[in-house]
Every structure is written in structure tokens, then in C-alpha cells.
Amino acid sequence: MTRDEPFGVYVHWPFCKAKCPYCDFNSHVRHSGIDEARFLAAYLTELNYFADRAPGRTVSSIFFGGGTPSLMQPRTVAAILDGIARHWAVADDTELTLEANPTSVEAENFAGYAAAGVNRLSLGVQALDDSSLKALGRRHTVDEALAALDLAKQNFGRVSFDLIYAREGQTLLDWQDELTRALTYAVDHLSLYQLTIEDGTPFAARHEAGTLRVPDSDKASAMYRLTQELCEKAGLPAYEISNHARPGSESRHNLIYWRGHDYAGIGAGAHARITENGIKSALWTIRSPEAWLAQVEAEGHGLASDESLSAQEAAEEYLLMALRLAEGMDLARFAALSGQAIDETQLHGLEGDGLVARSGGRLVATSSGRLVLERLILELAA
Ligand SMILES: C[S@@+](CC[C@H](N)C(=O)[O-])C[C@H]1O[C@@H](n2cnc3c(N)ncnc32)[C@H](O)[C@@H]1O
Ligand code: SF4
């Protein structure tokens, strides 16, 4: 790590109005209300902690994720941004993203977030038909989502939205129509996720009971390939498995993760990677918002775990992240992290199978390789 490398700050807001039945993110519903001022004080305290662990860095990206950060008051967002700027230099062109749900109440906050300095909005549209939104347990309609998208375009220079495909009952043709429409609304970035049945969610229970039928893996792969094709044609090629952007509009924050750079992570259930004296540590905080709050107030941080990674672990993590990217992995960076280059025989074998390709010192997963990425990573890491 050099001090000039990009450095990010992730802020996790762990609350939602309701829990969507497919979601296993660290998000909680609190009907009794949230003491936002107390949480803000705890975020500022945890920032102090991370500033001590990563001094002298220049922040190139800040990301408010969740949960539903668009439930935060704009003044809370502004105060956290002020806190970040008190500890680190913040680059002039810093990407400042906030994830928002497209209900009308939340959209009312957009101008306030923009005034606070947010310059990129990521909107959870998820589907472009009302019956699918209902089936996903969403609290907004398509009309509301499109109105929120319009408002986002008026307030932010950069706008992304998320859709989930391979939903219950969805055919390839349905997805083709939906994505074609979505591309007409797209600004500079789209995140297109294949529905994952996450353990422990209501969707997993229904899937196991046979009452939730999602497209099989062949159909889902066909949807994935169609996604690549349509987005490429529309000028938003994939730069990562599920992320598409006009060239130059890739999410800098996500690139920090996938290129293996450092980032601080504050809030309940946030992750961080910090390099100190050449050793990278993986840190994460307590998931329960109240337990996190209590520990930050008592100890100055909400960490549940803080582990230094061995050279091998740091290199494997980089491999895992970087092969998701269209630009692939820098082989020299891998060798520097692990202390040894990837085994040539292994590489030749995978190249022969058409799963990876090498160009200009980088290793890239081919389109067939990306479909079996987990296997590929296991073999390369072995
Ligand atoms: C943590 S959510 C936060 C965004 C915001 N709360 C929302 O729901 O719009 C980030 C994105 O992950 C995606 N996501 C969450 N669970 C998923 C699942 N089980 N399968 C596929 N995508 C999922 C959704 O597209 C969602 O917008
Ligand atoms: S998908 Fe978004 S709104 Fe729904 S529970 Fe997860 S984080 Fe909350």
C-alpha cells in the first residue's frame, strides 16, 4: 500500500422501514424509533478510531450504504462528512455516494443530501412492474421509483439504480423487455443482480418448501448473458459481474474493494481493510445496532473482530475480488502480496480451458470463466 493509493470510507446505516424477504444485509426495523443524534455521536467517535489507525490518507470515496441510508436526516449525513474532513484530506473530486430507496418520503431528502455534498445516488428500483415489486416485498411502486429517479437526476451529477433479475416467474423475454426499458432510463451506471436465495430469509424458507420457484441455473445464465449483451450495446458495458457503467463512470468506491485498496468502515456491521506497517488487517464491527452503539460509547469503537491477514490470505482476497472485474487482476500486485507468482502450469491449464486470458500483465476471467468464477478462484488459489 502506498499513501497515494485510493482510500475509501464506508458508513453503514443499519435500519430499514421494513425487511424485504430476500435480503440478508445487516438491516433492522425499529418501530420504536431511532435516536439519530446518539448514533451520530457514535459515528463521529468511531471515525476518530479509524483516523488513528489510518493517518495521513487522502479520501477518494465515501459511501453511505445500508440498510437504508435515505432514512438518515440530511444534517446527519452532513455532520458525518464534516467529521471525515476533520480527520483526513478529502480529494476535490471525491465520489460521495448514498444508497436510497425510491419512496416519495425518502426522495424529499435528495436536495438536502446534495446540499450536504453527496454527488452520486444509488437507487434501489429492483423491478419495473408493480406485481414484481409487491412479490419482492418492496414499499414503492414503479411510478414512485421513476419519479425518484427523475428527482435524483435533477439533484446529482451521477446516478445509478439497481434491478434484481431471475425473479419468480420471470422469463428471458420478460427480462429483455424490462432491461430494454431500464436502459432508456439509465444515467451512467446500473447494478443488475441475479436474485440470490440467501439462507435464513423468508425467500429461502419458501424456496425450500417449493412455493417459490425461480428460473433454473440455465435460464439464469441466459439472462446474465443477455444482460451483458444489451448493456454493452447501450454503451454501459459490465466492468464487474453485476455492475455496468459508461466508461469513466464506474463506481470508484466499489473499485476500491475490487482492486484491493484500503477503506475504513463505520457503523454496525461495517467491514474495513487497513494496512499498517505493510500488514493488511480485516476489521468488522458488531452487527446489532444497539450493541454496536453501547460498545462505541464504552470503548471508542464497535469492532467485533480485527485480524491481520497473512501474505497468502491478502493475495487470495485480492484474487477473489479482482477476477470479478473486466480489467482483471494485476499479476505483479498478486505476486507482491503473496510473495510468489501464480503457478504457470495451473495458469496454462485454465487458459487452455478458455476460462482465463492474460494480457499486459493482467489475468482476466473470460465470459465462460465468469460463469464458474468460484471454481476458478479455488483452482488459482490452490
Ligand atoms: C443493501 S441493498 C441496499 C439498498 C436499499 N436498501 C434498497 O433496498 O434499495 C443493496 C442492493 O442489493 C441487492 N440485493 C439485496 N439482496 C439481494 C438478493 N438476495 N439477491 C440479489 N440482489 C440483492 C438489491 O438490488 C439492493 O438494491
Ligand atoms: S433490500 Fe434494502 S430496504 Fe430491503 S431490507 Fe435489504 S437493505 Fe432494507
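# Briefing: a predicted model with two ligands

Seven of the seven residues of strand β4 are buried, so β4 is largely enclosed by the rest of the structure. Here, buried means under 20% relative accessible area, exposed means over 50%, and partly exposed lies in between, with a 1.4 Å probe and protein chains only. Strands (E, at least two residues) and helices (H or I, at least four residues) are DSSP runs, numbered from the N terminus. This is a predicted model, in which local features need pLDDT of at least 70 and side-chain atom pairs count only at pLDDT 80 or more, while totals for chains, interfaces and linings use all residues. Residues are numbered from 1 along each chain as its sequence is written, chains are lettered from A and ligands numbered from 1 in the order in which they are written, and side-chain values use heavy atoms, with hydrogens and water left out.

**Strand β4 and its partners**

- The residues R120, S122, G124 and Q126 point one way from β4, L121, L123 and V125 point the other way, and all are buried.
- On one pairing, strand β3 (residues 89-100) runs parallel to β4 over four bridges; two strands count as paired if DSSP finds at least two bridges between them.
- Within that pairing, T97 has R120 of β4 as its bridge partner.
- β4 also runs parallel to β5, and five bridges join the two strands.
- The bridge partner of R120 in β5 is R158.

- Of the 17 residues around ligand 1, the ones that come nearest are G67, N101, Q126, R138 and D162; a residue is near a molecule or strand if one of its heavy atoms lies within 4 Å of it.
- The shell around ligand 1 divides into five nonpolar, eight polar and four charged residues.
- In this grouping, Ala, Val, Leu, Ile, Met, Phe, Trp, Tyr, Cys and Pro count as nonpolar, Asp, Glu, Lys and Arg as charged, and the others, Gly among them, as polar.
- A polar backbone atom of Y22 is 3.0 Å from a nitrogen atom of ligand 1.
- A nitrogen atom of ligand 1 also lies 2.9 Å from a backbone N or O atom of G67.
- The side chain of Q126 has an N or O atom 2.7 Å from an oxygen atom of ligand 1.
- On its own, ligand 1 has 560 Å² of accessible area, and the protein covers 93% of this; accessible areas come from the Shrake-Rupley method with a 1.4 Å probe, and for residues only the protein chains shown count as cover.
- The elements that give two or more residues to the shell around ligand 1 are β4 (120-126), β5 (158-165) and β6 (189-194).

- S160 is found in strand β5.
- At 1% relative accessibility, S160 is buried.
- The side chains of S160 and H189 make a polar contact at 2.8 Å; a polar contact is a pair of N or O atoms within 3.5 Å, where within protein one must be able to donate a hydrogen and the other to accept it, and residues adjacent in sequence count only if both atoms are side-chain atoms.
- C20 is buried, with a relative accessible area of 13%, and C231 is buried at 0% relative accessibility.
- The structure holds zero disulfides, a disulfide being a pair of cysteine sulfur atoms within 2.5 Å.

- Strands β10 (residues 271-276) and β11 (residues 279-285) run antiparallel and are joined by six bridges.
- In this pairing I274 stands opposite S281 of β11, and E276 has I279 of β11 as its bridge partner.
- The hairpin of β10 and β11 has two residues between the strands, and N277 takes a positive phi near 50° there.
- Five of the seven residues of β11 are buried, and the strand is mostly covered.
- β11 also pairs with strand β12 (residues 303-308) in the antiparallel sense, over five bridges.
- In β12, E307 stands opposite A282.

**The sheet of β13, β15 and β14**

- Three strands form an open sheet in the order β13-β15-β14, with antiparallel pairing.
- β13 (329-330) and β14 (356-359) are the edge strands, and each pairs on one side only.
- Four bridges join β14 to strand β15 (residues 362-365) in the antiparallel sense.
- R358 has L363 of β15 as its bridge partner.
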